[in-house]
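Please keep the structure at hand while reading.

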Amino acid sequence: MCRKAICVFVGLLTNAVFATAVFSQAKPVGIFDGSSDIGTVKQKGSVVYNNQTQQYAVSGSGTNIWFDHDEFHFVWKKIKGDFILRTNAAFIGKGTEAHRKFGLMVRQSLDDRSAHVNAVVHGDGLTSLQYRKAAGDSTREQKSATTSADVLQLERKGNTYTMSVARKGEVFGPEEKLDLELGDEVYVGIFVCSHNPAVLEKATFSNVRIVEPAPADLVAYKKYIGSNIELLDLETQNSRIVYQSPKSLQAPNWTTDNKSLIYNSEGLLYKFNLATNTPTVLNTGAAKGNNNDHVISFDGKWLTISDNKDGGPSIGYILPITGGEPRRVTQTGKGASYMHGWSPDGKFLVFCGERNKEYDVYRVPVAGGAEERLTTTPGLDDGPEYTPDGKHIYFNSVRSGLMQVWRMDADGSNQTQITNDDNNNWFPHVSPDGKWIVFITFLKSEVAPGDHPFYKHVYIRMMPVDGGAPKVVAYLYGGQGTINTPSWSPDSKHIALVSNTSLLFPAFPISKN
């Protein structure tokens with residue numbers, strides 16, 4: 001055999017061995033395609049996925065992710081196009097190195113010299129956007145003003161990468177941006193590096209999401225992307241995906257018996273069994289155009305719904321929680337009505353009503369009768385909901401400039417602003433124990449005060465019912481339909497919500513429709 005042939009053979013053999021090494025680790029783990037030690041590490045890394053909590057425990061060794069090559073453990077998925085990569089993460093244990101690292105990474109290949117970009121947190125708290133522009137180049141970084149971040153987000157739009165970071169409970173700080181060409185198909189995922197080749201460091205990753213966002217040309221209310229139903233533990237702030245669908249699912253209510261959720265999709269209501277993670281259609285009789293304003297009575301026996309019959313204005317109805325033919329409760333010829341709350345005694349419903357091109361809060365007797373206007377300030381007043389003691393109604397209003405949360409007495413008096421910050425805050429929901437409210441926050445840079453669209457960066461925030469500093473309990477891609485309706489669990493420990501993505505994963509229950 002000639003020397004040239006021998007060299008070609010050896011080269012092919014080397015490539016084959018490398019490919020086999022990578023392939024041997026390409027076993028699905030949670031939402032990821034595989035995991036790999038990148039570079040020559042002395043201590044083999046690993047990942048353990050907890051199917052119940054949907055958390056990842058990652059161990060990694062390696063000298064560094066710096067200079068012209070890297071050594072670390074990477075849990076990855078190959079993906080094309082735009083995406084949002086997000087996680088909550090924390091080291092396990094005190095560690096031994098100030099520059100041990102965990103984070104999110106986007107990588108051109110699994111080679112140790114690959115071009116890449118990552119959002120990284122160091123053991124000493126340094127948080128930065130690190131990148132290598134081409135294979136074998138030196139690594140560079142842009143330091144974040146936020147240190148010791150434990151919420152990380154890395155978003156790609158075209159060739160622009162944006163890092164957003166926060167400490168748990170806080171909103172994201174100033175962004176770090178970078179233009180970088182890595183190709184359309186890349187490896188994305190989570191990683192750990194010990195910064196000491198003789199040591200394994202460990203980190204836990206929660207709320208790990210790879211989101212494929214809505215395309216720029218999507219026409220709202222004509223086209224939709226997929227949905228996740230999630231259950232958020234408010235103490236740990238860990239959220240589990242319990243169901244996925246390529247369709248638009250919206251506004252999950254939690255039933256008072258703690259057994260089901262009720263949500264809407266494509267004009268129908270569905271009852272989602274929490275024990276089996278399966279939905280069934282709820283009979284709403286002639287109401288086949290149900291939107292995302294539906295609420296369960298405090299005693300758990302009745303449901304008020306909002307139906308756009310034949311594409312006309314939304315109309316309020318009630319029906320038994322078990323289903324049946326609905327009875328109309330809002331008046332004819334009055335404009336659209338969007339149902340939002342029951343009084344605890346079951347005698348009144350409150351709703352957002354469009355009357356003479358103004359949207360205000362109204363209440364109407366469940367038994368039938370004239371509606372009563374409770375707000376009169378020009379501009380949108382929406383999302384009314386009673387407190388469990390029946391003394392107050394929370395709602396959101398644009399009257400002070402941005403959309404903010406307000407409270408009034410049950411008769412409409414003493415209207416008081418509860419939130420007052422630089423965001424748009426919507427749909428306050430009071431916990432069953434009467435101690436807390438949760439609400440959705442839209443960024444004013446993305447959303448106008450009177451709008452609550454689909455497919456935006458949003459926060460779910462929680463605060464004491466009488467006011468105080470709100471804290472972020474979830475960082476989401478969602479918006480319209482995420483928590484339009486009361487979604488607390490009966491024990492006040494969880495909420496149900498909807499997030500959105502076009503990318504579905506077999507790690508979670510997926511709609512068969």
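The model is predicted, so to speak of local features a pLDDT of at least 70 is needed, side-chain atom pairs count only at pLDDT 80 or more, and totals for chains, interfaces and linings use all residues. Residues are numbered from 1 along each chain as its sequence is written, and side-chain values use heavy atoms, with hydrogens and water left out.

## Cavities and pocket

Spaces are found on a 1 Å grid over the protein atoms alone: a cavity is a set of points where a 1.4 Å probe fits but cannot get out, a pocket is an open set with protein on both sides within 12 Å along at least five of seven lines, and lining residues have an atom within 4 Å of a point. Grid points are joined across faces, edges and corners, and a volume is the space filled by probe spheres set on the points. The count comes to two cavities of 30 Å³ or more. For the lining classes, Ala, Val, Leu, Ile, Met, Phe, Trp, Tyr, Cys and Pro count as nonpolar, Asp, Glu, Lys and Arg as charged, and the others, Gly among them, as polar.

| Space | Volume | Lining classes |
|---|---|---|
| Largest cavity | about 120 Å³ | five nonpolar, four polar, three charged residues |
| Second largest cavity | about 100 Å³ | nine nonpolar, five polar, three charged residues |
| Largest pocket | about 600 Å³ | nine nonpolar, 15 polar, four charged residues |

Strands (E, at least two residues) are DSSP runs, numbered from the N terminus. The lining of the largest cavity includes Arg-86, Asn-88, Glu-230 and Tyr-475, and β7 (83–92), β16 (201–211), β17 (227–233) and β38 (471–478) each supply at least two of its residues. Among these strands, β38 gives the most to that lining, with four residues.

The second largest cavity is lined by 17 residues, of which Arg-209, Ile-210, Val-211, Asn-228 and Ile-241 lie nearest its centre. Two or more residues of this lining come from each of β16, β17, β18 (239–245) and β39 (494–500), and the largest share, four residues, is that of β16.

Around the largest pocket there are 28 lining residues, with Tyr-221, Asn-291, Asn-292, Tyr-338 and Gln-480 nearest its centre. The elements that give two or more residues to this lining are β20 (260–265) and β27 (337–342).

## Nonpolar cores

A nonpolar core is a set of buried Ala, Val, Leu, Ile, Met, Phe, Trp, Tyr and Cys residues joined through side-chain atoms within 4.5 Å, where buried means under 20% relative accessible area (1.4 Å probe, protein chains only). The largest core has 43 residues, and those with the most contacts inside it are Tyr-56, Val-117 and Phe-205. Taking contact as heavy atoms within 4.5 Å, and not counting residues up to four places away in sequence, Tyr-56 touches residues including Val-29, Phe-32, Ile-190, Phe-205 and Val-208.

## Strand pairings

Two strands pair if DSSP finds at least two bridges between them. Strand β9 (residues 116–122) is joined to β10 by six bridges and runs antiparallel to it, with Val-120 having Ser-128 as its bridge partner. These strands form a hairpin with four residues between them, and Gly-125 in the turn has a positive phi of about 100°. On to β11 (residues 140–143), β10 pairs in the antiparallel sense over four bridges, and Tyr-131 stands opposite Arg-140.

Six of the six residues of β10 (residues 127–132) are buried. Both faces are covered, with Thr-127, Leu-129 and Tyr-131 on one side and Ser-128, Gln-130 and Arg-132 on the other.

Elsewhere, four strands form an open antiparallel sheet in the order β23-β24-β25-β26. Each of β23 (295–296) and β26 (327–328) stands at an edge with a single partner strand, so one side of each is left without a neighbour in the sheet. Two bridges join β23 to β24 (residues 302–307), and Val-295 stands opposite Thr-304.

## Tyr-243

Tyr-243 lies in strand β18 and counts as buried at 6% relative accessibility. Between Tyr-243 and Thr-278 the C-alpha to C-alpha distance is 8.0 Å, although 35 residues separate them in sequence. Beyond four places in sequence, the contacts of Tyr-243 include Ser-227, Tyr-263, Phe-272, Pro-509 and Lys-512.

Note on methods. Buried < 20%, exposed > 50% of the residue type's maximum accessible area, 1.4 Å probe, protein only.
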